[in-house]
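Have the coordinates open as you read.

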Amino acid sequence: MDTSEIRRKAREHLKSNWALSIGIAAVACLLGGLLIGTSFLPNIQFSPSREFSLLFPFTWQVTDTIRITIKSGLPSLAAFLIGGVLQLGYARFLLKQHDGKALDFNDLFSQFDRFGTGFAQNFLRTLYTFLWSLLLIVPGIIAALSYAMTPFILEEHPELTASEAIDRSKELMNGHKMDLFILTLTFLGWDVLCALTANIGNLFLNPYKNAAYAVFYREITKES
């Protein structure tokens, strides 16, 4: 899979939507609904493995939620509770952006009637990835990659349960986990630069990453 082409398409989709995309990504980041990326707030990451989170930010979001909740208390607990349903709303926004449809800031909050499903997918992905991570780092990374497409799948297939969508993500990612891993690594240089700006640069990087994420999803669903 050509990662440079995926990034090119992501930039194309963002071309006329930068302001709205930054705003949605910022709110999603604050409320725990970011699909991939790191915080733009200094010192928001309470995990001891900061270097690991730079390399695999989507993995950090899934596997370290429990540790962050314990250390930072009620705000992170609230973000964990509503983050799952916000991920579904953010997935809707990203796919609409990819498909050239009219965008609305309220897309982010459009899935609250599916709160249970959103919470369940977030909780199960966190739990499964955490359990795999107990074995070693690599199994945890593989698990996070396998479950990564779940919010997009639930957005497009509301009839599925959280468990069914996770299973479908695992099927969809067969043969593509390394592709997503490589795509994530292509942003590593930008992640380092953003870290040098006290994470403020993530205001611009997160929308770019997530747009690329949506392109990746569309590409692998075409193949399947």
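## Two helices crossing

Axes here are lines fitted to C-alpha atoms, for helices over the stretch in contact, and the angles between N-to-C directions run from 0 to 180 degrees. The model is a predicted one, and in it helix 1 (residues 3-14) packs against helix 13 (residues 202-223) at about 115°, the axes sitting 8 Å apart. As for handedness, helix 1 goes past helix 13 in a right-handed crossing.

Who makes the contact? On the helix 1 side you'll find I6, R7, K9, A10, R11, H13 and L14.

## A serine in helix 8

Now over to S146, which belongs to helix 8 (residues 137-147). Is S146 buried or exposed? Its relative accessibility is 10%, so S146 counts as buried, the cut-off for buried being under 20%.

Leaving aside residues up to four places away in sequence, S146 touches S169, K170, M173 and K177.

## The cysteines

How many disulfides does the structure hold? The count is zero. For background, a disulfide is a covalent bond between the sulfur atoms of two cysteines.

Notes: Residues are numbered from 1 along each chain as its sequence is written. This is a predicted model: local features need pLDDT of at least 70, side-chain atom pairs count only at pLDDT 80 or more; totals for chains, interfaces and linings use all residues. Side-chain values use heavy atoms; hydrogens and water are left out. A disulfide is a pair of cysteine sulfur atoms within 2.5 Å. Helices (H or I, at least four residues) and strands (E, at least two) are DSSP runs, numbered from the N terminus. Buried means under 20% relative accessible area, exposed over 50%, partly exposed in between (1.4 Å probe, protein chains only). Contact means heavy atoms within 4.5 Å. A crossing is left-handed if the near helix is turned anticlockwise from the far one by less than a right angle, and right-handed if clockwise.
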